[in-house]
Amino acid sequence: MPNSPISVQAAPFAVGLTGGIGSGKSTVADLFAARGATIVDTDQIAHSLTAPHGAAMAAIVAAFGADFAAADGALDRARMRALVFSDGGAKARLEAILHPLIRAASQAAAAAATGCYVIHAIPLLVESGHWHDRVSRVLVVDCPEQTQIARVMARNHMPEEQVRAIMAAQVPRAVRLAAADDVVLNDGDVAALEPQIERLHHIYLAFSKRTATIASQHL
């Protein structure tokens, strides 16, 4: 009998979206989603993994103890946040549990994507060495650091020193910008974002069509 034909699906064109805390990554992702992009958000995946009965919770409780699970079985985020900011070893243990699960889930979501291209929203893209071979371009959402601080203080009701501690754990703004292929400046309102997103959307559409054409030529 002849061999059955093998169906090969080209990987979609993918952009890595990143930025410091309070830069407005979610707003930018929403604007791309409104234009037909598939958004794969690693923060949302992490939240699902650490929700009640989430796939990471058994390993987290085994590694850190039952005190790090809330009454409903979800991760006690406040307790864990306090621990990882004071203990680098604890941070590494948590990442060793979460990161492989996040990568697997994001890869599955990208493979199932039906949008015109994929946006991977990855807060720690620049810090991580695992994402650069998964995306074709890096898009950084940027704003002045004082704007970041003001936004996070208002949104999360955190004191300034805590916001600055979170920012200090991320790469400096200059390093993030140096890693960027594209930059969106988000120091104003959504109206100021719209033309920037529209311009990039058309660029990414062109890249996506080119990627699909090249892939089809190799099938």
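Visitor: What should I know before I start?

Guide: Residues are numbered from 1 along each chain as its sequence is written. The model is predicted, so to speak of local features we need pLDDT of at least 70, while side-chain atom pairs count only at pLDDT 80 or more and totals for chains, interfaces and linings use all residues; side-chain values use heavy atoms, with hydrogens and water left out.

Visitor: Is strand S1 buried or exposed?

Guide: Buried means under 20% relative accessible area (1.4 Å probe, protein chains only), and strands are DSSP runs of E, at least two residues, numbered from the N terminus. Six of the six residues of S1 (residues 14–19) are buried, so the rest of the structure largely encloses this strand.

Visitor: Which way do the residues of S1 point?

Guide: In a regular strand, side chains alternate between the two faces of the sheet. Here Ala 14, Gly 16 and Thr 18 point one way, and Val 15, Leu 17 and Gly 19 the other.

Visitor: Which strands are joined to S1?

Guide: Two strands pair if DSSP finds at least two bridges between them. S1 runs parallel to S3 (residues 118–121), with four bridges, and parallel to S4, with five bridges. Leu 17 stands opposite Ala 121 in S3 and opposite Leu 139 in S4.

Visitor: Which element gives the most to the lining of the largest cavity?

Guide: Lining residues have an atom within 4 Å of a cavity point, on a 1 Å grid over the protein atoms alone, where a 1.4 Å probe fits but cannot get out. S4 gives the most, with three residues. The lining includes Gly 20, Cys 143 and Arg 176.

Note on methods: 1 Å grid on protein atoms, 1.4 Å probe; cavity = no way out; pocket = protein on both sides within 12 Å on 5 of 7 lines; lining within 4 Å. Buried < 20%, exposed > 50% of the residue type's maximum accessible area, 1.4 Å probe, protein only.
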